[in-house]
Amino acid sequence: MYKSIMVPVDLAEAELAGPALAAAVSFAKISGGTVRLVYVRSLIPITYMEFVPADFDSEQQEDAEAKLAEIAAKVDLPSEQVSAKVLIGSVHGEVLAEADASGADLIVIGSHEPGMLAYVIGSNASAIVRRAKCSVLVVR
C-alpha cells in the first residue's frame, strides 16, 4: 500500500485539490502513510525584478506557505502524518523532483476539464503522469 503520498495543490484553484486530498487521505488512513502537500510558485522573470519591491519574493513565499498550511491543517489526519512544502520553478519539474527526493510512492492530482490551451501545450497533470517514477492517480 502507499505510504508516502504527494498532493500537488494549485493555490489559485485550491478547490481542485479537494477530491485529490480526499483520495490521498483515504489511502493514508488505510496504510498509516503520510500526505505531503506541494505548491509550486512561478519564477519571476528577471526583466520584471526591477519593478517589484525588494521583499516581493519573500512575501510571496510567506503568503503561499500560510495558505498551504491552512489547507494542511484541515486534512483529516494526525498532524504528524501531514506536511506541506512550497517550491519555486516549473510545476511538473518541481513536483517530480520533490516526489523523487521525498520518496513518494503515489502522486494524487486533482484535475478539471482541460481548455483548448491544455490540448495545445499539455497540462502539468499530463506531464507528471508521463514522467513520474511512482504511481499517479488523477482525480476529477
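**Model and fold.** I am working from a predicted model. I counted 5 helices and 5 strands in the chain. Reading along the sequence, I get the order β-α-β-α-β-α-β-α-α-β.

**Dimensions.** Along the principal axes, the C-alpha atoms fill a box of roughly 50 × 35 × 25 Å.

Buried residues account for 36% of the 140.

**Surface and charge.** I get an accessible surface of about 8100 Å² for the chain, with 57% belonging to carbon and sulfur atoms. There are 11 positive and 18 negative charges, and their mean positions lie 9 Å apart.

**Cores.** Which residues have the most contacts inside the largest nonpolar core? I find Val7, Val9, Leu21, Val35, Leu37 and Val108, in a core of 25 residues. At least two core residues come from each of strands E1 (4-8), E2 (34-41), E3 (82-88) and E4 (106-110), and from each of helices H1 (17-31) and H2 (56-73). H1 supplies the largest share, 7 residues. I also noted a second, separate core of 14 residues, with Val95, Ala99, Ala104 and Ile107 among them.

**Val9.** I looked at this residue on its own. Leaving out residues up to four places away in sequence, Val9 touches Ala17, Leu37, Val38, Tyr39, Leu68 and Ile71.

Technical notes. Residues numbered from 1 in each chain as written. Predicted model: local features only at pLDDT ≥ 70, side-chain atom pairs only at ≥ 80, totals over all residues. Heavy atoms only, no water. Helix = DSSP H or I, 4+ residues; strand = E, 2+ residues; numbered from the N terminus. Buried < 20%, exposed > 50% of the residue type's maximum accessible area, 1.4 Å probe, protein only. Areas by Shrake-Rupley, 256 points an atom, 1.4 Å probe, with all protein chains shown as cover. Lys, Arg positive; Asp, Glu negative; His and termini not counted. Charge placed at Lys NZ, Arg CZ, Asp CG, Glu CD. Core = buried A, V, L, I, M, F, W, Y, C linked by side-chain atoms within 4.5 Å. Contact = heavy atoms within 4.5 Å.
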